[in-house]
Amino acid sequence: MKSICECIELYTNCNCTSLIVGDMNCARIVWTDSSKYTGDCQGAFYNCVTNLGFIQYVDSPTREENILDIILCKDALLVSSVRVV
């Protein structure tokens, strides 16, 4: 996770729009409540992306009760809607 965070920090230092999508399997992160994430590895990822100004656009569970898939972006105008199907 440290390598992923370092890569995200490196690539978001440019003056460009960044979009991160994928299946992170970070089930313990509660994206809607910053006080509820747990775990060193998942906490490091959460802190990295939120400190860089990313917003998580997936707000519905993607696997059972967990939000495992991510769409993270710093530009609020780039992502207009997300639908979990």
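**Notebook: looking around a predicted model**

I began with T12, which is buried, its relative accessible area being 9%.

**Entry 1: T12 and its surroundings**

I looked up where T12 belongs and found it in the loop between α1 and β1. I then checked its side chain, which reaches the backbone oxygen of E9 at 3.4 Å. Leaving out residues up to four places away in sequence, I listed S18, L52, F54 and K74 as residues that T12 touches. Two of those names came back when I looked for charges over rings: the charged end of K74 sits over the ring of F54, 5.6 Å from the ring centre.

**Entry 2: the sheet**

Next I traced the strands. I found 3 of them in an open sheet, in the order β1-β3-β2, with antiparallel pairing. Which strands stand at the edges? They are β1 (19-23) and β2, and each has a single partner strand, so one side of each is left without a neighbour in the sheet. As a reminder to myself, strands in a sheet pair through backbone hydrogen bonds, and they may do so parallel or antiparallel.

I then turned to β2 and β3, which run antiparallel and are joined by 2 bridges. Here I noted that Q56 stands opposite L72 in β3.

**Entry 3: the core**

I wanted to see what the largest nonpolar core holds. I found 15 residues in it, and those with the most contacts inside it are I8, W31, F45, V49 and L72. I asked which elements supply at least two residues each, and the list is α1 (2-11), α2 (40-51) and β3. With 4 residues, α2 gives the most to this core.

**Entry 4: W31 and the rings**

I recorded a relative accessibility of 14%, so W31 counts as buried. Not counting residues up to four places away in sequence, W31 touches F45, Y46, V49, Q56, I67, I70 and L72. I was pleased to meet Q56 and L72 again here, as they stand opposite each other in the sheet.

How many aromatic pairs are there? I count 2. In one of them, W31 and F45 are edge-to-face, at 6.3 Å centre to centre with 90° between the planes. W31 lies in the loop between β1 and α2, while F45 is in helix α2, so this pair ties together parts that are 14 residues apart in sequence. I checked burial too, and both W31 and F45 are buried.

The rings of W31 and Y46 have their centres 5.6 Å apart and their planes at 50°, so I wrote this pair down as tilted. Y46 is in helix α2 and W31 in the loop between β1 and α2, so the parts tied together here are 15 residues apart in sequence. At 7% relative accessibility, Y46 counts as buried. Through these ring pairs, W31, F45 and Y46 are linked into a cluster.

**Entry 5: N66**

My last stop was N66, in the loop between β2 (55-56) and β3 (69-73). Setting aside residues up to four places away in sequence, N66 touches A27 and P61. I also looked at N66 and D23, which are 43 residues apart along the chain, and their C-alpha atoms are separated by 11 Å.

Definitions and conventions. Residues numbered from 1 in each chain as written. Predicted model: local features only at pLDDT ≥ 70, side-chain atom pairs only at ≥ 80, totals over all residues. Heavy atoms only, no water. Contact = heavy atoms within 4.5 Å. Pairing = 2+ DSSP bridges. Core = buried A, V, L, I, M, F, W, Y, C linked by side-chain atoms within 4.5 Å. Buried < 20%, exposed > 50% of the residue type's maximum accessible area, 1.4 Å probe, protein only. Polar contact = N/O pair within 3.5 Å; in protein donor to acceptor, adjacent residues only side chain to side chain. Phe/Tyr/Trp six-rings, centres within 6.5 Å; stacked < 30°, edge-to-face > 60°. Lys NZ or Arg CZ within 6 Å of the ring centre and 35° of its normal.
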